[in-house]
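Reader: I would like to take a close look at one part of this model, and then to see how other parts of the fold are put together.

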Amino acid sequence: MVKYGLLSKNNEPVPLKSISVEVRVQDHVATVSSTLQYVNEEERPLEALFVFPLPADAAVCHFSAKIGEKEIVAEVQDKQSARDRYDDAVSSGQQAFLLEESAESPDVFRLSVGCLSPGQNAAVTIIYVTELAVQADHSLRFCLPAVLNPRYTPAGSAAGIVSEISSGCGSVPYTLTLSVHVSSPKPISKLESSCTLDPLVFLHSDHTQATVNLSPGHMFDKDVELFVYYQDTHQPSAIVEAGVNTAPSGSLMRDPVVMISLYPEFPEEVMSLATQGEFVFVIDRSGSMSNTRIESAKDTLLLLLKSLPMGCYFNIYGFGSRFESFYPKSVEYNQDTMDQALKRVKEMQADMGGTEILQPLKHIYSQPCYPDHPRQLFIFTDGEVGNTKEVLDLVKHHVHSHRCFSFGIGEGASTALITGMAREGSGHAQFITDTDRMQPKVMQSLRFALQPAVVNISVDWTLPDGITVDTLSAPVNVIFQGQRSLIYAQLKGESSGGSEGTVTVKYSLKDQPVTNQLHFCLKPTEETGLAVHRLAARTLIRSLEQKERDGGAKSIRSRIVELSVQAGVSSVHTAFIAINKDSRQTVKGPLLQRRVPTHARRCAAPILGSLPATQSVQSPAFGSLNSSRVPRLTSKKTTFSVPVRLLGSTAIPISQQEFYDDIAASDAPQWPPVKEFYDDIAASDAPQWPPVKATPGPQKDPLLQLVSLQKASGCWELDATLADVFGKTEDELTNQKPAQVDGSVWATLLALIWLYGCKIDQQVEWQFVAMKAASWIGSQKVGDLSQCVSVGNVLLRCQVTKATLGI
C-alpha cells in the first residue's frame, strides 16, 4: 500500500496528533484559536510541513509554539527575512516554526515545523478572526474547514504552496475537539451544525450568551459548519473598538475603529423583479464534480431555466480541462431554446478532466453584451483551482459589464475563489456542502440577480467636531435587498462633546433616490479583543494587495509589510516566525523532512492490477505512476484483474460501477474518456470481475417533475404526466374542470394550488415558477376564478385561497 504525508520508519503518519479549537462568536465576528499538537516519533531530529485551509477572509493574528513549559510567540516579519531566519535556525540545530500564506490563494497556509528532537512534543497555536456570512434563512455561518481539496494547476501556471497539496488516503491521523462561546446584544435563538453537538447551554436568562461543544468522537473528515440564529438579525448595528495606547500615534492600531453593519431596505414600489437580462450559467464538469454533484447541478439548471423571464437571453457553459457552450452566443429565451437546452442538460456528465476556469471566463467576457439586458454570470464549481488570483483579477477587470454569482460545491471548495469572484463581480457567494440542497441557495441568488441594479452609491459620515474618519473598506459597489454590507473606518481626533455619530448610505434605484441611515454611539464596546481592528487591517491589506497586482507603485509593498507587522496580521508579503533560541543541538546528517497529511475529499482509490508491464495508469489518489495513458481494451477476451480499495491493510474488491465512480471523481487530465474505458472493461467478459449489484434508481422528486412540465411562458398542459404528479388520472382532472376555463388554465391553476398547498416549505425553490404561472393566467383574461380555486382545493385536498396564488 502506498501512503502519502508524514511517515515514520514504520510507514505510520506523524507527527500531528490532535487539534483543539476554541471559537468565540461576538455578534457576527468569530475569533478562532486552534492548537495543533505535534510529536516527533523518529529517532533523529525532524522537519515537518503541514498545508491546511483557513477561511479566505480570515485575519491570522497570533502564532505561538509551546515546547515543554516554554512558550515562543511568533513575530510578523517580511516573508523573505522570515524564511532566511527559519533556514538559519534549523541548519544550526535550533527549533523554529514558520507560518506563511500562499501567494496563489489566501485561504491556504503552510506551517513549517523545524528541528523537533526525537520524542519531543510541540503545541502550536494559531488564532484568527473572521466575519460570519449571512445565510438565506438569516442565520450566521461559521465554517471550520477540514478538507483541503487538491487544487488543479493548469499547465504553464506558477505553482507554489497550493501545488504542494496532495490527496490523502485512509482516515485522518488526528482528532478534533471544538468548543464554542456565543455572545451578542441580541438574544440567541438557536445554534445548529452539520455535525453532532452537545446541548446548547445558556449562561444568562436573557439568552445573550451561550456555550456548546462538538460531541466527542467526531472524525475530522469534513468541514464543521455552525449556524447561529439571533433574534432581529437584520437590524443595522455598529461596533466601536478602542485602540492600543502603546501603538504609534496616528496609526490604525492606536485610533478607535468602527465596524458598521448595514441591511438596506428597498422601497416596496421599486421592488418589482426584472424581466430582462442575459443569464450565463457556467458549470464545473471536471472529474471531481462526481456523480451526485453533477446530478444536483442538472436539477438546479432545470429550476433556473424554468424560472427565467420570457424574452431574456441565456447560455450554458461546461468546463474542465477544456470548455464548451450550448450556443455560440447567448440566445433569446423561448419554448424552443429552453427545450433544446434542457435536452443537453440531461446529457451533461462530470467528464471534462481538470478544473480550468480562466479560459471559459475569457471567452464569455469577449462576447458583446446585449443592450438593456444586464449580464448575470452564475458560476458553479468545487473550487479546485490553483490560479485563484489570476481568475479574480479577470473578474474584477470586467466588473462594469456584469454581476457574478458564485457557488462553492462540496467540502473544501476554495473560499478565496468563491467569495472573491462574487466580491470582484459585485454579486453574491454561496457555499453548498454535500449534505445541502443546492436549489434553495441558487434561487436566492437568482432573486438577487433579478433585483434592479443599485447605482450611484455613496457613504457619508456625520461626526462631532474634532473627530474625522478614514474609511478603510473598499467603496460599496453592490447592494442587495436584505443583504448585509460591512464598512470599516478609522476614527481620528477627540470629540469636543458629542457622543453620537451617523453614517448615511445614499443610492439610486430605478431613478429613485433612496437614503438609509444609522446612528451609533462613539463609546467603545467592551471586550472585543481587537478583533475589529484586525479585520479592518485585513480589509485594508487585501485592498493594497489588489492595487499592487493592478500595477500600483512599488511603495505599496512596503506599506503592506508595515501594516501587517504593526497589526500582527498575515499578508502575502509577510510570515510568522518563531525560534526557540534556548534550543541548540548538533545535527548529524540531513533532517528528516515529512509532510503532514491534510485530509482530501477522496479517502480511498482503486489499485489496478495485471496490466502489461509497459502500461501504467494515472491513479485518482496516488498521482501519476508514469506519463503513459491507459489503452482502450478492445479484445473481448482481455483479462483484467479485480480492482481493490485498500482500507487499512485490507484489500476490498470493488464493483465495476464503484471503480468507474472513483475514476470519474479524479481530475487527472491524461486519463482517457472514463465512460469508454469502463464500457470496454465491461465488454471484456473478464470472469474475475465482481458483478455490479443492481441498485434501484433514485426516486423522482415530484416538485422537479412538476417544474419540468411547465412551458417557458409559465403554463402547464392538462395531460397524464401532470396528473401523475398529483397522484391522479387525466380523466379525474378533466372531469372536474369548470366550464369557464380551458385545459391549460385549469392545469396551471392546479399546479399553483399544489405548490402552495403541498410544497410551501420549498417555496424559495419554486417562487419564480409560480410567479410566471400567475402572470400567464392573468394574461388569459379569464373571469372570476374563485370557483375554479374551490374545485381545485377539493380535488387536490388543499386549502389555498385565491389571494395566496397571486392571481
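In which sense, left-handed or right-handed, does α8 pass α9 in their crossing? Please describe that contact closely, and then go on to the strands.

Author: The model is a predicted one, and the description that follows should be read with that in mind. Helix α8, residues 531-549, passes helix α9, residues 555-567, in a left-handed crossing. Their axes come within 10 Å and cross at roughly 165 degrees; because angles over 145 degrees count as roughly antiparallel, α8 is described as roughly antiparallel to α9. On the side of α8, the contact is made by Arg534, Ala537, Leu540, Ile541, Leu544, Glu545, Lys547 and Glu548, while α9 contributes Ile556, Arg557, Arg559, Ile560, Leu563, Ser564 and Ala567. Sorted by class, the contact of α8 with α9 has eight nonpolar, one polar and six charged residues.

Turning to the strands, β31 covers residues 574-580 and is mostly covered, with seven of its seven residues buried. Thr574, Phe576, Ala578 and Asn580 point one way from β31, whereas Ala575, Ile577 and Ile579 point the other way, and all of these are buried. Strand β6, residues 75-78, runs antiparallel to β31 and is joined to it by four bridges, with Val76 standing opposite Phe576.

An open sheet elsewhere in the model consists of four strands in the order β17-β18-β28-β27, with antiparallel pairing. Since β17 (237-241) and β27 (467-471) stand at the edges, each with a single partner strand, one side of each is left without a neighbour in the sheet. From one strand to the next, the twist averages 25 degrees. Within this sheet, β18 (residues 257-262) and β28 (residues 485-493) run antiparallel and are joined by six bridges, and Val257 has Gln490 as its bridge partner in β28.

Val212 lies in strand β15, which spans residues 209-213, and its relative accessible area is 4%, so Val212 counts as buried. Leaving aside its neighbours within four places in sequence, Val212 is in contact with Leu178, Ser179, Val180, Leu191, Leu197, Asp198, Pro199 and Leu200. For one of these contacts, Val180, the separation along the chain is 32 residues, yet the C-alpha atoms of Val212 and Val180 are separated by 5.3 Å.

Conventions: Residues are numbered from 1 along each chain as its sequence is written. This is a predicted model: local features need pLDDT of at least 70, side-chain atom pairs count only at pLDDT 80 or more; totals for chains, interfaces and linings use all residues. Side-chain values use heavy atoms; hydrogens and water are left out. Buried means under 20% relative accessible area, exposed over 50%, partly exposed in between (1.4 Å probe, protein chains only). Helices (H or I, at least four residues) and strands (E, at least two) are DSSP runs, numbered from the N terminus. Two strands pair if DSSP finds at least two bridges between them. Contact means heavy atoms within 4.5 Å. Axes are lines fitted to C-alpha atoms, for helices over the stretch in contact, and angles run from 0 to 180 degrees between N-to-C directions. Angles under 35 degrees count as roughly parallel, over 145 as roughly antiparallel, 65 to 115 as roughly perpendicular and the rest as oblique. A crossing is left-handed if the near helix is turned anticlockwise from the far one by less than a right angle, and right-handed if clockwise. Ala, Val, Leu, Ile, Met, Phe, Trp, Tyr, Cys and Pro count as nonpolar, Asp, Glu, Lys and Arg as charged, and the others, Gly among them, as polar.
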